[in-house]
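Please read them with the structure open beside you.

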Amino acid sequence: MPNEQLDQLSENDSDPRVPLACERTLIAYERTQIAWVRTALALISFGFAISTFFSYLREQQGERATVLSPRAVGLTMIVIALIGLILATWRQQRALKLLRRRCPGLPAPIGGHVMAGMIAFLGILALLADLIR
């Protein structure tokens with residue numbers, strides 16, 4: 001019985017499930033970060049596309065601007081994406097810090113942070129391009 005074998009471990013032996021649980025938790029944090037990056041990328045892309053496309057159509061048709069113009073909607077989507085990306089990265093940093101205290105020796109995840117940084121840079125460029133236009 002596996003449970004009986006685990007009960008027979010001495011105090012000096014560590015539970016073999018703990019390192020695997022720590023690695024699974026680390027990978028789950030990484031997947032969550034990538035999901036936030038994916039969401040931010042979609043918001044930035046759609047926000048920029050909405051702003052550009054509908055502003056172009058408005059110029060062609062000669063309509064006047066309203067309070068909720070396509071540009072305002074697009075800029076709002078980009079800003080929401082950037083705020084969400086910053087908050088998600090901050091939250092993951094806190095969670096990883098806590099996990100590293102409980103499970104020292106974990107490898108450093110780099111994929112999510114690098115991707116979040118690149119998407120944030122893309123979002124800032126899209127925001128600036130839309131503001132300058």
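1. Helices (H or I, at least four residues) and strands (E, at least two) are DSSP runs, numbered from the N terminus. Read along the sequence, the protein chain has the pattern α-α-α-α, with four helices and zero strands.

2. This is a predicted model, in which local features need pLDDT of at least 70, side-chain atom pairs count only at pLDDT 80 or more, and totals for chains, interfaces and linings use all residues. Residues are numbered from 1 along each chain as its sequence is written, and side-chain values use heavy atoms, with hydrogens and water left out.

3. Two totals describe the chain. Of its 133 residues, 28% count as buried (buried means under 20% relative accessible area, exposed over 50%, partly exposed in between, with a 1.4 Å probe and protein chains only). Contact means heavy atoms within 4.5 Å. Among contacts between residues at least 6 apart in sequence, 75% join residues at least 24 apart.

4. How do α2 and α3 pack? Their angle is about 170°, and their axes are 7 Å apart. (Axes are lines fitted to C-alpha atoms, for helices over the stretch in contact, and angles run from 0 to 180 degrees between N-to-C directions.) That makes α2 roughly antiparallel to α3; angles under 35 degrees count as roughly parallel, over 145 as roughly antiparallel, 65 to 115 as roughly perpendicular and the rest as oblique. The residues of this contact divide into 23 nonpolar, nine polar and three charged. Here Ala, Val, Leu, Ile, Met, Phe, Trp, Tyr, Cys and Pro count as nonpolar, Asp, Glu, Lys and Arg as charged, and the others, Gly among them, as polar.

5. Helix α3 covers residues 70-102 and helix α4 covers residues 111-132; the two pack at an angle of about 160°, with their axes 10 Å apart. They are therefore roughly antiparallel to each other. α3 passes α4 in a left-handed crossing (left-handed if the near helix is turned anticlockwise from the far one by less than a right angle, right-handed if clockwise). Residues of α3 in this contact include Leu-75, Ile-78, Leu-82 and Gln-92, and those of α4 include His-113, Ile-119, Leu-127 and Asp-130. By class, the contact of α3 with α4 has 13 nonpolar, five polar and two charged residues.

6. α2 and α4 pack at an angle of about 15°, and their axes are 9 Å apart. The two helices are therefore roughly parallel to each other. The crossing of α2 and α4 is left-handed. On the α2 side the meeting residues include Ile-34, Leu-41, Phe-48 and Ser-51, and on the α4 side they include Met-115, Ile-119, Leu-122 and Asp-130. The contact of α2 with α4 comprises twelve nonpolar, five polar and two charged residues.

7. Where is Ser-51? Ser-51 lies in helix α2, which spans residues 17-61. Ser-51 is buried, with a relative accessible area of 0%. The side chains of Ser-51 and Asp-130 are joined by a polar contact of 2.6 Å. (A polar contact is a pair of N or O atoms within 3.5 Å; within protein, one must be able to donate a hydrogen and the other to accept it, and residues adjacent in sequence count only if both atoms are side-chain atoms.) Apart from neighbours within four places in sequence, Ser-51 is in contact with Pro-70, Arg-71, Gly-74, Asp-130 and Arg-133.

8. Gly-74 is placed in helix α3. Gly-74 counts as buried, at 0% relative accessibility. Not counting residues up to four places away in sequence, Gly-74 touches Gly-47 and Ser-51. Its C-alpha atom is separated by 9.6 Å from that of Phe-54, 20 residues apart along the chain.

9. Is Gln-92 buried or exposed? Gln-92 is buried, with a relative accessible area of 5%. This residue is found in helix α3. Leaving out residues up to four places away in sequence, Gln-92 touches Tyr-29, Glu-30, Gln-33 and His-113. The side chain of Gln-92 reaches the backbone oxygen of Tyr-29 at 3.4 Å. The C-alpha atoms of Gln-92 and Thr-32 are separated by 8.5 Å, with the two residues 60 apart along the chain.
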